[in-house]
Amino acid sequence: MRFIAIVFTLAGLTGCQVEDTIKDKVVEEKLKILEEREAMKAQAVSQANDGMVLIPAGTFSMGSAKGFPHEGPVHEVTLDAFYMDTHEVTNAEFAKFVEETGYVTEAETWGWSLDFAPDDRQGMRVPNAAWWLKVDGVTWKTPTGPGSSIEGMEDYPAVQVSWTDAVAYADWAGKRLPTEAEWEYAARGGLEQNEFPWGNDFKPGKKHHMNIWQGRFPETHSPTDGYEAIAPVGRYPANPYGLYDMAGNVWEWCSDWYGEQYYAESPTKNPQGPELGDEKVTRGGSYLCAGNYCVGYRVSHRNKTATDSGLPHSGFRCVIGAD
Ligand SMILES: [Ca+2]
Ligand SMILES: [Cu+2]
């Protein structure tokens, strides 16, 4: 009966009118979605007023000829403006997201994750990186296994979050992960071909500017930078854009798939990374990075991790487009 009534109503209109009505509806819906998105973005930007900084649009030389081969070729990249979190997403921020959404991280789903263990603990070791151990009960709340906790560590970066977890957080916050190009551009702080986020001096004024590993990794360690392992965010000077910890402390997820040869074929404008890949890019190095090993704290250094992997020295920060 209802169906007949609808058909009758439609038949009452001319074909053109029906089409126009449908078109209007589609346009209306699209406008509504756009408006909602804009509102979300505006809200995220204003909420984050003191938590994000504007990274101005510009062109820079991405990569380095002084690092590992995949850091080259140095190539010109032009980016639109964006806002970036001044610090890595903290445990307090991640906890708020979990509280509001009931989100369960991948490590919590699997029931295990990886821990740094250059000792003789028995268990499943990661091939080619024997100091990584699969440990049951490792999660963002218990980052080194049962008995560990993040109590009192509200202002430490959230770790043991997979790429998928990081994207879920970003969606919730109305933000997104930075592209690899955005990350490097922001980390360089407006400087040209600098080694570190603040310039070329490893220790300006003989003062540590990042939380890394002092000694020969992984055998000897004498943490003169003040932190044996993870540090709270923002304990070292910010770079010229006002970004903290773009070198050291924890690795940061980017949105790009990792492509070893990508720099040779990268588009100039707003590159998004290869279309497909096995692992996602991580940047910035961590408290485990040492001069004798990966030198991961160099601003052009590239690293990669499987999307479902959480690690005790890997976190993230977010961005929002500014246009
Ligand atoms: Ca350290
Ligand atoms: Cu490293």
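## A buried helix

In helix α6, residues E180, A181, E182, W183, E184, Y185, A186 and A187 are buried, a residue being buried if 20 or more other C-beta atoms lie within 10 Å of its own, exposed if 12 or fewer, and partly exposed in between, with C-beta atoms placed from the backbone. Because eight of the eight residues of α6 are buried, the helix is largely enclosed by the rest of the structure. After α6 comes G189, whose phi is positive, near 60 degrees. Helices (H or I, at least four residues) and strands (E, at least two) are DSSP runs, numbered from the N terminus.

This is a predicted model, in which local features need pLDDT of at least 70 and side-chain atom pairs count only at pLDDT 80 or more, while totals for chains, interfaces and linings use all residues. Residues are numbered from 1 along each chain as its sequence is written, and chains are lettered from A and ligands numbered from 1 in the order in which they are written.

## The largest nonpolar core

A nonpolar core is a set of buried Ala, Val, Leu, Ile, Met, Phe, Trp, Tyr and Cys residues joined through C-beta atoms within 7 Å. The largest one has 60 residues, of which M84, V159, V161, A166, L177, A186 and I212 touch the most other members. At least two residues of this core are supplied by each of β1 (52–55), β3 (75–79), β4 (82–85), α5 (163–173), α6 (180–187), β8 and β12 (319–321). Helix α6 gives the largest share, five residues.

Beyond its neighbours within four places in sequence, I212 is in contact with D225, G248, G285, Y287, C289, A290 and Y297. Two residues are in contact if their C-beta atoms, placed from the backbone, lie within 7 Å.

## The three-stranded sheet

Strands β1, β4 and β12 form an open sheet in the order β1-β4-β12, with antiparallel pairing; two strands pair if DSSP finds at least two bridges between them. Since β1 and β12 stand at the edges with a single partner strand each, one side of each is left without a neighbour in the sheet. From one strand to the next, the twist averages 25 degrees, where axes are lines fitted to C-alpha atoms, for helices over the stretch in contact, and angles run from 0 to 180 degrees between N-to-C directions.

The antiparallel strands β4 and β12 are joined by three bridges, and Y83 stands opposite I320 in β12.

The bridge partner of W257 in β9 is K280.
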